[in-house]
Amino acid sequence: MAMFDNLTERFTQSLKKIRGQGRLTEANIQDTLRDVRMALLEADVALPVVKDFVEHVKNRALGQEVQGSLSPGQAFIKIVNEELIAVMGKANEKINLATQPPAVILMAGLQGSGKTTTVAKLARWLKENERRSVTVASADVYRPAAIEQLRMLAEEVGADFFPSDPSQEPVAIATAALEHARKKYKDVLILDTAGRLHIDDAMMDEIRRLHAAIKPIETLFVVDAMTGQDAANTAKAFGDALPLTGVILTKTDGDARGGAALSVRHITGKPIKFLGVGEKTTALERFHPDRIASRILGMGDILSLIEEAERKIDKSKAEKLVKKIQKGKSFNLNDYYDQLQQLKNMGGISAMLDKLPGVANVPPHVKAKLNDKEWQQQIVIIDSMTKQERQFPELINNSRKQRIARGSGTDIQDVNRLLKQFDQMQKMMKKFKKGNLMSMMRNVKGQLGRGMPFGG
């Protein structure tokens, strides 16, 4: 279940009704807006946000830009898309590092919001995407495991870790960490702070003192998306006490509603800068309102998918495979195995599904079949083959299939299914060899086009 799944389903159904209308009237607009309003409320979007959104869409829909349009239904959907973008903040607001190094980032949030993990994710993101050297430090002296947790995560992401101790004062830790980052010529210092179960005066006083001591260029509030509109209200209470510069929404992979993402900007006036999309330290994405709006309307988010592929796919392996196929060498199970591993690096099929156009129109029983178990199982099956079998799949007869099934803890049907899919991939690669890449691309584009809900 991915963020906005429920909302996408409802929006797609509501907007389908109006798409083919030759003329928009107050009556058919009202019906659609009633559906949209209910969909947003069910997604736990804050009431003031829903009211404003519906009002803006209605005023624009009854105006000249729709009435004069050749395709009023399409024009209405364009308005909904633009208003969704406006609610979430128009454009991605980049993280600000324009200061004398080290640029200090102060992380705040309630306990259990995933703040410490987010510190590590952000350190990794800055290292890989901005080419910055990062020091991380923890001023959380109340949760005994917090400092050790950050030390282990820093090691995993290759960030410099400044050691601290629960017996120290948080402000003393912060100033010493800043001095350490300066001496080591680090570009960025990220400071983790203590979380509480709820916002209290002592917590606010401490974080204000930390803020005054290290003067961060970014003060980011980390909040659990699964708390819905409460996430926005908590961020507002924090923002009233502290000069927040942005919000990071975590656990969005477990939130099918999306109320937090649609409420935060409107209620706090602060931009969402990143989304936490999983537990791994690689699972952090920049928040692009236009791409999220496209996703909500069932039109996918191909740009994010391409960016992710560019970051995570092993280019040298991909180029090697292309050269191999062009030379007329056959695509074997080693190559297929590499493709499965690349898919794993991308987070699997489920992580990619909600970014593909037209997925909102796919029936739930079909979606359920498109899970990650099958390709993970295929990796295990290929692991149970000999080097010779991987290189020459035609050698795999019935007795070999039985041995492979036993070795991988699967059935012979699973081995047959893998070989059938591999065979289809091999045929596709032969077409590629014959220079039919453009026709292959046209086929893919045509299939995507047919799946898109609003005619692309």
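Colleague: Which residues have the most contacts inside the largest nonpolar core?

Modeller: In this predicted model, they are Phe11 and Leu84, within a core of 70 residues. Helix 5 (residues 72–88) gives the largest share of this core, eight residues.

Colleague: What makes Phe53 and Leu262 contacts of Leu84?

Modeller: Contact requires heavy atoms within 4.5 Å. Leaving aside neighbours within four places in sequence, Leu84 is in contact with Phe11, Phe53, Leu262, Ala293, Ile296 and Leu297. Phe53 and Leu262 are therefore contacts of Leu84 under that cut-off.

Colleague: Why is strand 1 (residues 103–109) called largely enclosed?

Modeller: A residue is buried when its relative accessible area is under 20%. Seven of the seven residues of strand 1 are buried, so the strand is largely enclosed by the rest of the structure. Ala103, Ile105, Met107 and Gly109 cover one side, while Val104, Leu106 and Ala108 lie on the other.

Colleague: How do you know that strand 1 pairs with strand 4 (residues 188–192)?

Modeller: Pairing requires at least two bridges. Strand 1 and strand 4 have five bridges in the parallel sense, so they count as paired. Val104 stands opposite Leu189 in strand 4. Five bridges also join strand 1 to strand 5 (residues 218–224), again in parallel, and there Met107 has Leu220 as its bridge partner.

Colleague: Why are the buried residues of helix 18 (residues 373–383) said to be on the same side?

Modeller: The buried residues of helix 18 are Trp375, Gln378, Ile379, Ile381 and Ile382. They cover an arc of only 165° around the axis, which puts them on the same side of helix 18.

Conventions:
Residues are numbered from 1 along each chain as its sequence is written. This is a predicted model: local features need pLDDT of at least 70, side-chain atom pairs count only at pLDDT 80 or more; totals for chains, interfaces and linings use all residues. Side-chain values use heavy atoms; hydrogens and water are left out. Buried means under 20% relative accessible area, exposed over 50%, partly exposed in between (1.4 Å probe, protein chains only). Helices (H or I, at least four residues) and strands (E, at least two) are DSSP runs, numbered from the N terminus. The arc is that of the directions from the helix axis to the C-beta atoms. A nonpolar core is a set of buried Ala, Val, Leu, Ile, Met, Phe, Trp, Tyr and Cys residues joined through side-chain atoms within 4.5 Å.
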